[in-house]
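Please find below a short note on the structure, written for a colleague who has not seen it before.

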Amino acid sequence: MHHIVGIHEWTGNAKFHRCSHERVIDGEDTTLYLVQDSPAFSALKSVVAARHVLKALSQLTKFCHTGQLEVFHSCLLKYCPKRQHFFYEGIYVKLIVIIVQLLCCGMVTSPL
Ligand SMILES: [Zn+2]
C-alpha cells in the first residue's frame, strides 16, 4: 500500500522496509500516485486488504505450484532443442513419448 501513494521506503515492518524496484530519485519520478486517504485509495485498500482476500492469498502458492510444468519443459528441451527444426510429425511423436515417460516415472500426474 506504500508504493501506490509514492512511499518507497518505510519502517515498522519486520521483513520489508523498501520496494523491490530501483531507488526512486526525488524530482525524476513522473509517476502519478494515489493520494493517501483519498476515496480512490480507500476503495483500493478495502479490496486489497479484505480479510477473505488475504486469507486466500496464503493458499495461492499451493494452488499455483509450477513444478510439474517445469519438469515437462525441461524434458521437452532435452528432446526438442530450440535451435533445431522439427516437422510436425516429429514433434507430435516426441511429445507423446515425453508425456508417456513423465507419466510412467511419476514425475507428473495426469490432469484426468
Ligand atoms: Zn515503490
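1. Confidence. The model is a predicted one. The protein chain has a mean pLDDT of 87, and 96% of its residues reach 70 or more. Among the elements of the chain, helix H1 (residues 39–48) has the highest mean pLDDT, at 92, whereas helix H2 (residues 51–63) has the lowest, at 79. Where pLDDT is low, the predicted coordinates should not be read in detail.

2. Helix H3. This helix covers residues 67–79. H3 is hardly covered, as the count of buried residues among its 13 residues is one.

3. Helix H4. Residues 88–105 form this helix of 18 residues. From its first C-alpha to its last, H4 reaches 26 Å, close to the 26 Å expected at 1.5 Å a residue. Is H4 largely in the open or largely buried? The number of buried residues among its 18 is zero, so H4 lies largely in the open. The residue that follows H4 is Gly106, with a positive phi near 75°.

4. Packing of H3 and H4. Two packed helices are described by the angle between their axes and the distance between the axes. For H3 and H4 the angle is about 135°, and the axes are 10 Å apart. The two helices are therefore oblique to each other, and H3 passes H4 in a right-handed crossing. On the H3 side, the contact is made by Val71, Phe72, Cys75, Leu76 and Tyr79; on the H4 side, it is made by Lys94, Ile98 and Leu102.

5. Ser74. This residue lies in helix H3. Is Ser74 buried or exposed? A residue with 12 or fewer C-beta neighbours within 10 Å is taken as exposed; Ser74 has 11 inside 10 Å and therefore counts as exposed. Ser74 and Gly90 are 16 residues apart along the chain, and their C-alpha atoms are separated by 18 Å.

6. Asp37. This residue is found in the segment before H1. Most residues other than glycine have a negative phi. Asp37, although not a glycine, has a positive phi of about 70°. Because it has 9 C-beta neighbours inside 10 Å, Asp37 counts as exposed.

Key
Residues are numbered from 1 along each chain as its sequence is written. This is a predicted model: local features need pLDDT of at least 70, side-chain atom pairs count only at pLDDT 80 or more; totals for chains, interfaces and linings use all residues. Helices (H or I, at least four residues) and strands (E, at least two) are DSSP runs, numbered from the N terminus. The expected span of a helix is 1.5 Å times one less than its number of residues. A residue is buried if 20 or more other C-beta atoms lie within 10 Å of its own, exposed if 12 or fewer, and partly exposed in between; C-beta atoms are placed from the backbone. pLDDT is the predictor's confidence in each residue, from 0 to 100. Axes are lines fitted to C-alpha atoms, for helices over the stretch in contact, and angles run from 0 to 180 degrees between N-to-C directions. Angles under 35 degrees count as roughly parallel, over 145 as roughly antiparallel, 65 to 115 as roughly perpendicular and the rest as oblique. A crossing is left-handed if the near helix is turned anticlockwise from the far one by less than a right angle, and right-handed if clockwise. Two residues are in contact if their C-beta atoms, placed from the backbone, lie within 7 Å.
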